[in-house]
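Here are my notes for you on this structure. Keep the model open as you read.

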Amino acid sequence: MATKYIKTKENQIIVFSALLTHCQFRMYKPISAGFINFKTDDLGNPFCECYGQSISLDFLKSNPVEDSELANRQILGIFL
């Protein structure tokens, strides 16, 4: 089961359980939403990867490149 996220208009990534719906975070006024995976590269370095869209927020899409870069900075402290 994938982990979910939203990105707020203040450029904050909020990560939450797949057991919740994106629309439960509507009060944060999301500007993108989808799923987030936590992976490691061939050297064992962690990174985040955002993708997809939110059905419960009327098909609000993720911005995979921008959201992944922001998540890596905010969650892992990594600047790619």
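1. Start with a definition. A residue is buried when its relative accessible area is under 20%, exposed when that area is over 50%, and partly exposed in between. Glu49 has a relative accessible area of 30%, so Glu49 is partly exposed. Please remember that this is a predicted model.

2. Next, the overall layout. The protein has one helix and six strands. Along the sequence they follow the pattern β-β-β-β-β-β-α. The radius of gyration is 12 Å, close to the 12 Å given by the globule rule for 80 residues, so the protein is as compact as a globular protein of that length. The C-alpha atoms fill a box of roughly 40 × 25 × 15 Å along the principal axes. Of the 80 residues, 31% are buried.

3. Now the inside. Nonpolar side chains tend to be buried together in soluble globular proteins. Here the largest nonpolar core has seven residues: Tyr5, Ile13, Ile36, Cys48, Cys50, Leu70 and Ala71. Two elements, β4 (46-51) and α1 (64-76), each give two or more residues to this core. Look at Cys50. Leaving out residues up to four places away in sequence, Cys50 touches Tyr5, Phe35, Ile36, Pro64, Asp67, Ser68 and Ala71. A second, separate core has five residues, including Ile6, Phe16, Ala33 and Leu57.

4. Which residues pair by charge? Side chains of opposite charge can pair when their charged atoms come close. A search of the whole structure finds three salt bridges. In one, Lys7 meets Glu66 at 2.4 Å, N to O. Lys7 lies in strand β1 (residues 3-8) and Glu66 in helix α1, so this pair ties together parts 59 residues apart in sequence. Lys7 also meets Asp67, at 2.9 Å, N to O.

5. Glu66 is partly exposed, at 40%.

6. Back to Glu49. Its side chain meets that of Lys39 in a salt bridge of 2.7 Å, N to O. Lys39 is in strand β3 (residues 30-40) and Glu49 in strand β4, so the pair ties together parts ten residues apart in sequence. Lys39 is partly exposed, at 34% relative accessibility.

7. Last, the surface. Val15, Phe38, Ile75 and Leu76 form a nonpolar patch with about 300 Å² of accessible area together. Leu76 is found in helix α1. At 32% relative accessibility, Leu76 counts as partly exposed.

Key. Residues are numbered from 1 along each chain as its sequence is written. This is a predicted model: local features need pLDDT of at least 70, side-chain atom pairs count only at pLDDT 80 or more; totals for chains, interfaces and linings use all residues. Side-chain values use heavy atoms; hydrogens and water are left out. A nonpolar core is a set of buried Ala, Val, Leu, Ile, Met, Phe, Trp, Tyr and Cys residues joined through side-chain atoms within 4.5 Å. Buried means under 20% relative accessible area, exposed over 50%, partly exposed in between (1.4 Å probe, protein chains only). Helices (H or I, at least four residues) and strands (E, at least two) are DSSP runs, numbered from the N terminus. Contact means heavy atoms within 4.5 Å. Patches are made of residues with over 30% relative accessible area and no salt bridge: like charges are joined within 9 Å, nonpolar side chains (Val, Leu, Ile, Met, Phe, Trp, Tyr) within 5 Å. Accessible areas come from the Shrake-Rupley method with a 1.4 Å probe; for residues, only the protein chains shown count as cover. A salt bridge is a side-chain nitrogen of Lys or Arg within 4 Å of a carboxyl oxygen of Asp or Glu. The radius of gyration is taken over C-alpha atoms; the globule rule is 2.2 Å times the number of residues to the power 0.38.
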